[in-house]
Protein chains: 2
Amino acid sequence: MTKTSRSGCPINLTLEMIGDNWSLIVVRDIMFGGRRHYRDLLNKSEEGIASNILADRLNKLVDAGLLTKTNDPAHKQKSIYSLTEPAIQLVPMLAIMGAWGTRHTPASRELSVRAKLLDEGGPSTWSIFMDELRHIHLGATQPERSIIQELTTAYEAAMAK
Amino acid sequence: MTKTSRSGCPINLTLEMIGDNWSLIVVRDIMFGGRRHYRDLLNKSEEGIASNILADRLNKLVDAGLLTKTNDPAHKQKSIYSLTEPAIQLVPMLAIMGAWGTRHTPASRELSVRAKLLDEGGPSTWSIFMDELRHIHLGATQPERSIIQELTTAYEAAMAK
């Protein structure tokens, strides 16, 4: 527990780390949207995140050990953000949050398709998805099944309707 | 989706409802601590919530349909707060949040005991806990096993050490 923590409760400390209106939105966009550059995260934001808020949250997430920021070998002068292992372990929380949201908020049909797939797939699907994220962000071996591909295909089909 | 929503994404809408630093702390204290009166929630707060923030979040949670506020039949002039069915369905999210916090934040031993029990128990334990909350807050039939009793016993044993 750091000096400024409100309490040592694990729920409280988790909320102190990511319990604001925007941090998990940024994690979501990197995790599900594959957006790893500042410009992409800014310009493609479904919620229209402001540039100063995005910059602040990216720094905060790096400081909290949920993201790493490195030079992108493919683009000079560009930084690329990667999820860390603790951030990848947020998959079940985001899956459950998405499932709760499809039931108890007026979520739109197109933007609920991926949450429903993750909910139906359950922990075994989340586990493969986490392995896939470990491949993309941490250089681990690529799993045979691509959950990202399945989610993207379902999302694009819903958008085309 | 209401007019002021940032997007129709179920994760975003969930965060718009409860994604602030305090709302889930209040839900946690009602859910796990059995605190249902304003004074209890204020005076027993582990995080030292300020009275104006508590009052604001209680109103916000009632407006969002996560709490109901009624007159306490046992205490004249006192209001009692109850969890609604959507709030009870936050149990898995809070269980997973607590488990994540015990792994990735400097959570204290005593305050992690309940999170660890819920994590080890998994979805079948959460389901009984939700039935118990439906009994307490919604008047449903009482389940045979009391998860609250088990969590309280474990917590008190850890505090006594």
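How many residues of chain B are in contact with chain A? Select both chains: 41 residues of chain B are in contact with 42 residues of chain A, two residues being in contact if their C-beta atoms, placed from the backbone, lie within 7 Å. This is a predicted model, in which local features need pLDDT of at least 70 and side-chain atom pairs count only at pLDDT 80 or more, while totals for chains, interfaces and linings use all residues. Residues are numbered from 1 along each chain as its sequence is written, and chains are lettered from A and ligands numbered from 1 in the order in which they are written.

Next, select helix 6 (91-104) of chain B, which gives 10 residues, the largest share of the side of chain B that touches chain A. Helices here are DSSP runs (H or I, at least four residues), numbered from the N terminus.

Now select helix 2 of chain A and helix 1 of chain B, which pack at an angle of about 170° with their axes 10 Å apart; axes are lines fitted to C-alpha atoms over the stretch in contact, and angles run from 0 to 180 degrees between N-to-C directions. That makes the two helices roughly antiparallel, a term for angles over 145 degrees. A:Leu24, A:Ile25 and A:Arg28 meet B:Ile11, B:Asn12 and B:Leu15 there.

Notes:
Angles under 35 degrees count as roughly parallel, over 145 as roughly antiparallel, 65 to 115 as roughly perpendicular and the rest as oblique.
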